[in-house]
Amino acid sequence: MSPLLSVRDLRVSFPTRSGTFQAVRGVSFDLGRERLGVVGESGSGKTMTGRAILGLVRPPGRVEAERMALGGESILDLPESRLRRLRGARISMVMQDPRFSLNPVMTVGRQIVEGYRLHTGTSRAQARDKALEMLAAVQIRDPERVFHAYPHEVSGGMGQRIMIAMMLAPDPEILIADEPTSALDVSVRNEVLRILDRLVRERGMGLIFISHDLNLVAQFCDRVLIMYAGRVVEELPARDLHAARHPYTQGLLNSLPRLDRPVDRLAVLQRQQGWRDAPPAGTP
Amino acid sequence: MLTVEDLNVWFGHAPERVDAVGSASFAVGPGESFGLVGESGSGKSTILRAVAGLIDSWSGRIAVAGRPVAGSRRSRGFHKTVQMVFQDPYASLHPRHSVDRVLSETLHLQGMDRIDARITRLLDQVGLGQGFRFRYPHQLSGGQRQRVAIARALAAEPRLLLLDEPTSALDVSVQAEILNLLADIRAERGLSYVLVSHDLAVVAHMCDRLAVMRAGRIVEEMDAASLRAGRAQGDYARALIAASAGYVREA
Amino acid sequence: MTETTRAWLLSDAPQTRRQARLGAIYQGWLTFRANRLAMGGLAILLGLLFVAAFAPWLSPQNPFAQNLAERLKPPSAQHWLGTDALGRDILSRLIHGSRVTLFIVGTVALIAPVIGLFVGTVAGFAGGWVDQVLMRITDIFLAFPKLILALAFVAALGPGIGNAVLALAITSWPPYARLARAETLTIRNADYIAAARLQGAGPLRLLIGHIWPLCVSSLIVRVALDMAGIILSAAGLGFLGLGAQPPMPEWGAMISDGRGYILDFWWVAAMPGMAIFVVSLAFNLLGDGLRDVLDPKGGRE
């Protein structure tokens with residue numbers, strides 16, 4: 001089965017005063033109708049990877065790749081007009097904090113309707129119905145009330161669910177979620193993930209879940225990519241995470257404090273120079 | 001070391017008054033590490049700020065080393081006894097002050113002598129070499145800034161350290177280093193800690209006892225062993241422990 | 001500059017206080033230098049300084065020498081910018097007038113922002129009734145159009161360049177006070193201020209050591225951008241006869257003198273006008289460049 005998204009040797013670089021900074025240095029992966037987790041710390045390039053796929057890297061940043069194809073068609077170096085048609089309709093993105101990604105001066109309903117109409121061109125009445133339908137799909141109990149509410153009037157968890165509703169309304173093929181639950185409390189987080197889980201499964205979408213939380217990604221996703229210094233250092237099925245081979249992945253796993261395993265001192269990750277350039281573990 | 005009785009903290013005036021903390025009571029003994037856990041808005045950071053003297057609008061009793069405090073005025077003695085480490089390493093250092101300036105100003109304010117030697121020793125103790133002494137915050141990583149913040153807190157040679165989510169804004173690998181550093185310092189100096197966090201695993205690792213907060217109130221107190229065993233008495237605490245176990249996929 | 005010196009300045013791990021300070025200044029300079037327009041502005045202003053410093057040697061003729069036979073002559077080899085109604089060489093008057101311009105700009109730039117910084121930060125930091133009182137005083141000054149208020153002062157104090165400058169300084173400080181206050185209100189709640197308080201820092205130390213360094217950047221940028229306006233206001237006062245008195249070659253007064261001849265002898269008013277335009281533009285470009293360097297928001301990680 002051909003993959004939904006195919007990326008080969010993606011490179012993202014930014015010119016700085018002291019030379020070119022390479023945020024992403026040759027990332028390759030395929031995404032099918034599955035959940036792919038991309039895990040890394042700050043500076044690993046995981047967010048830039050997501051942005052590069054959506055064409056959100058602005059000059060002077062540069063995006064290069066051997067191949068970046070959505071359903072067989074190349075999406076690399078497309079003109080902005082084509083990219084606009086792509087974003088939202090075929091690939092959507094949910095970001096970390098709904099306080100910053102929802103427009104504070106428009107009601108929730110209006111934002112969903114506007115986004116939906118932009119991509120499907122339906123009438124306002126139809127879009128309104130769709131918006132209410134989506135709000136109900138993300139388990140918001142009173143869709144009518146929330147439709148007329150402003151973003152600052154809803155809680156963080158609800159805001160994130162609204163974002164999901166808005167981003168999934170036009171029925172995209174792929175959803176990129178960049179730290180979607182990092183700004184949420186633990187109890188709300190599981191609820192949001194459950195909704196995301198169900199919707200992605202029902203619609204047969206591909207999901208790229210970008211996060212710094214290795215354990216969460218392992219629990220939620222099918223496959224995990226671990227990124228370090230702009231490259232993928234390990235790729236493995238989520239259920240095999242405990243058997244990770246690359247020392248960086250092992251180091252990350254071991255340095256987290258765990259409720260069920262008390263330790264005297266937390267294992268500290270010793271970064272090694274070789275990790276920057278060695279080929280990823282787990283590749284044939 | 002620290003006694004808090006019937007603490008109420010509010011913001012604003014009626015009718016828009018918001019009660020951030022209601023009737024909170026707990027005690028921290030000398031050399032003990034006490035955790036305050038809760039979700040956002042539970043009031044845990046607010047308690048810390050009220051103890052530190054950063055909030056004026058509170059009622060109840062707060063006593064540090066047996067001596068009560070009032071309002072937001074704190075004595076010189078208080079500042080020598082109690083220090084605080086803040087959550088956001090990017091906001092806790094003045095952007096125009098070098099590390100050297102931060103530490104020497106602190107030492108100067110605390111009336112310390114031999115400032116130069118003390119700065120050298122402080123930087124060593126938090127694991128920063130001398131090469132960091134004259135850097136500005138924008139030349140430091142998040143973990144390094146937090147180390148500087150810890151050094152600043154230790155400069156006064158306090159006995160009680162208030163830690164407001166000290167590692168929440170840091171990468172996982174850096175968090176381990178900072179937590180180890182804090183544990184080492186506490187063991188060396190016999191300090192008392194009050195650690196605020198939303199991460200139960202961090203609290204279980206760092207603290208002896210903890211209090212669970214919800215909507216401004218302390219709903220339960222337990223020790224770290226009970227936390228690890230999941231032996232909570234109240235429903236909320238139980239739910240919190242279950243939620244932090246992570247996400248369980250539906251089949 | 002040698003490669004090692006450059007590396008020393010750009011080093012991420014300075015070893016001494018001096019290295020850190022010089023390094024920060026050098027990095028700021030590099031940011032500024034990257035902006036071509038700002039460098040252009042700086043060049044023009046350095047030129048202005050040079051001209052003002054060496055005016056007596058640079059001006060081809062005596063700016064005060066009247067020669068009625070040569071009055072209102074167009075630009076020629078003998079008088080590069082022509083002569084005015086009294087036969088004085090315009091170029092020489094412009095060159096000497098640059099000193100007056102610099103004096104005005106320099107004095108106002110030194111007085112107004114300082115008053116504004118003081119009033120604004122004290123108001124923002126103290127809050128409560130101190131804030132209210134200081135802001136109401138600021139509002140009173142802001143309620144009057146700047147030029148009218150300056151006119152009132154000059155009329156009361158008597159005409160003359162010194163009084164004009166004083167009047168301008170007194171009426172220019174309110175926007176800086178508002179700016180400083182706004183910055184202070186933001187900074188006041190930062191964790192680093194709280195941390196300093198927890199060390200026992202008193203309000204004076206917080207104000208001078210912590211808050212002022214952060215406000216100064218935006219004030220400097222604002223002052224540079226306002227310089228154009230100051231020059232024009234001084235020119236306005238000169239134009240009305242309330243600033244520089246004849247025969248002092250102040251640029252605004254020169255435009256006023258040329259007012260009556262503008263149709264047939266355009267250069268008498270146009271040349272000083274061009275000079276004011278060029279210097280104002282230079283200050284604007286400089287201010288833009290400074291903003292890129294000093295803006296703390298831009299430097300945030």
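# Working chat: chains A, B and C

Analyst: In this predicted model, chain B is 37% helix and 27% strand over residues 4-240, and the end C-alpha atoms of that stretch are 24 Å apart.

User: What does UniProt call residues 4-240 of chain B?

Analyst: The UniProt record, an unreviewed entry, places the feature "domain: ABC transporter" there.

User: And which residues of chain A does the "domain: ABC transporter" annotation cover?

Analyst: In chain A the UniProt annotation, again from an unreviewed entry, covers residues 7-254. Over that stretch the chain is 39% helix and 26% strand, with the end C-alpha atoms 30 Å apart.

User: Stay with chain A. How do strands E1 and E2 pair, parallel or antiparallel?

Analyst: Antiparallel, over 10 bridges, with E1(A) at residues 5-16 and E2(A) at residues 19-31. E1(A) and E2(A) make a hairpin, and two residues lie between them.

User: Which residue is the bridge partner of A:Val12?

Analyst: A:Val24, in E2(A).

User: What is the strand order in the six-stranded sheet of chain A?

Analyst: The order is E7-E8-E9-E3-E10-E11; the sheet is open and its pairing is mixed. E7(A), residues 91-94, and E11(A), residues 231-237, are at the edges with a single partner strand each, so one side of each has no neighbour in the sheet. On average, neighbouring strands of this sheet are turned by 20 degrees against each other, with direction ignored.

User: What holds paired strands together in general?

Analyst: Strands of a sheet pair through backbone hydrogen bonds, in either a parallel or an antiparallel sense.

User: In which sense do E3 and E10 of chain A pair?

Analyst: Parallel, over four bridges, between E3(A) at residues 35-39 and E10(A) at residues 223-228. A:Leu36 is opposite A:Arg223, which belongs to E10(A).

User: What is the phi of B:Ser23?

Analyst: Positive, about 50 degrees, although B:Ser23 is not a glycine. B:Ser23 sits in strand E2 of chain B, residues 18-28.

User: Over to chain C. How many helices and strands are there?

Analyst: Chain C has 13 helices and zero strands. Its C-alpha atoms fill a box of roughly 75 × 55 × 25 Å along the principal axes.

User: What span should helix H5 of chain C have, and why?

Analyst: H5(C) covers residues 90-126, so its 37 residues should span 54 Å at 1.5 Å a residue. The end C-alpha atoms are 52 Å apart, which agrees.

User: Where does H5(C) bend?

Analyst: At C:His96, by about 25 degrees. Just after H5(C), C:Gly127 has a positive phi of about 65 degrees.

User: What about helix H10 of chain C; what does it span?

Analyst: H10(C), residues 203-239, spans only 46 Å between its end C-alpha atoms, whereas a straight helix of 37 residues would span 54 Å at 1.5 Å a residue.

User: Where is the kink in H10(C)?

Analyst: At C:Trp212, shortly before the proline C:Pro213, and the kink is about 45 degrees. Just after H10(C), C:Gly241 takes a positive phi of about 80 degrees.

User: Now interfaces. How many residues do chain C and chain B each put into their contact?

Analyst: 24 residues from chain C and 29 residues from chain B. On the side of chain C, helices H2 (17-33), H9 (191-198), H10 and H13 (296-299) each supply at least two residues.

Notes: Residues numbered from 1 in each chain as written. Chains lettered and ligands numbered in written order. Predicted model: local features only at pLDDT ≥ 70, side-chain atom pairs only at ≥ 80, totals over all residues. Pairing = 2+ DSSP bridges. Axes fitted to C-alpha atoms, helices over the stretch in contact; angles between N-to-C directions. Expected span 1.5 Å × (residues − 1). Bend = angle between axes of the 7 residues up to and from the residue. UniProt positions renumbered as here; feature names shortened; annotations may be inferred. Contact = placed C-beta atoms within 7 Å.
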